[in-house]
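Subject: Handing over the model

Dear colleague,

I am passing the structure below on to you, and I would be glad if you could read my notes alongside it.

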Amino acid sequence: MHSKLSDRKYNRPIVEENYVTPERLRQLRTLQMNQCYWCSTVLQTRNRREPDGLSIERLNNKFPHDLDNVILSCHRCNCKRKNVHCTKTSLEIFFDIWKQYKENGKRVALLRSPTPSPGDL
């Protein structure tokens, strides 16, 4: 809700079918393992204005909170990066998130396996 108010306030065009949804935020929390993309801080939602509070960060601040323009970050990193231009494309960032998720998923599976095979290591 806050994202939409902010986008309207700054006249960023909102296209409903492209706009971030609660489902997308749940997906990002899962894929990012509830961690800030930039510093890996575990995100909390009790008080989102605290340094470790979950925030929805736009990758390109010229555009609204669209599905392909947001990641989750801690409040500290989001504020610190407010005027910093990201050199990676959103596709590169989403690939990083997916890769990290897959690597950690494999690590968790290995920890659960009683005897990992040599190919798993």
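The notes below begin with conventions and the overall fold and then turn to individual sites.

This is a predicted model, in which local features need pLDDT of at least 70 and side-chain atom pairs count only at pLDDT 80 or more, while totals for chains, interfaces and linings use all residues. Residues are numbered from 1 along each chain as its sequence is written, and side-chain values use heavy atoms, with hydrogens and water left out.

The protein chain contains four helices and two strands (DSSP runs, H or I of at least four residues for helices and E of at least two for strands, numbered from the N terminus), and along the sequence they follow the pattern α-α-β-β-α-α. Of the 121 residues in the protein chain, 34% are buried, where buried means under 20% relative accessible area, exposed over 50% and partly exposed in between, with a 1.4 Å probe and protein chains only. Among the contacts with a separation of 6 or more, 52% come from residues 24 or more positions apart, a contact being heavy atoms within 4.5 Å.

Helix α1 (residues 2-9) has S3, K4, S6 and D7 buried. These residues lie on the same side of α1 because they cover an arc of only 160° around the axis, the arc being that of the directions from the helix axis to the C-beta atoms. The buried residues of α1 pack against β1, whereas the face turned away from the buried side carries the exposed residues H2, L5, R8 and K9. Just after α1, N11 takes a positive phi of about 55°.

N34 sits in the loop between α2 (22-31) and β1 (54-58), and it counts as buried because its relative accessibility is 19%. Leaving aside residues up to four places away in sequence, N34 touches R29, T41, V42, L43 and L54. A polar atom of the N34 side chain lies 2.9 Å from the backbone oxygen of L43. N34 and C74 are 40 residues apart in sequence, with 9.9 Å between them in space, C-alpha to C-alpha.

Which side chain of opposite charge is nearest to D66? D66, found in the loop between β1 and β2 (70-74), is buried yet has no salt bridge, and the nearest such side chain, R12, is 9.1 Å away. Not counting residues up to four places away in sequence, D66 touches N18, Y19 and V20.

A search of the whole structure finds two aromatic pairs (rings of Phe, Tyr and Trp, the last by its six-membered ring, with centres within 6.5 Å; planes under 30 degrees apart count as stacked, over 60 as edge-to-face and the rest as tilted). Y37 and W38 form an edge-to-face pair, 4.6 Å centre to centre with 85° between the planes; Y37 is buried at a relative accessible area of 18%, and W38 is partly exposed at 30%. The rings of W98 and Y101 have centres 5.7 Å apart and planes at 35°, so this pair is tilted. W98 and Y101 are three residues apart in helix α4 (residues 90-112) and therefore separated by about one helical turn.

Best regards

Definitions and conventions: A polar contact is a pair of N or O atoms within 3.5 Å; within protein, one must be able to donate a hydrogen and the other to accept it, and residues adjacent in sequence count only if both atoms are side-chain atoms. Lys and Arg count as positive and Asp and Glu as negative; His and the chain ends are not counted. A salt bridge is a side-chain nitrogen of Lys or Arg within 4 Å of a carboxyl oxygen of Asp or Glu.
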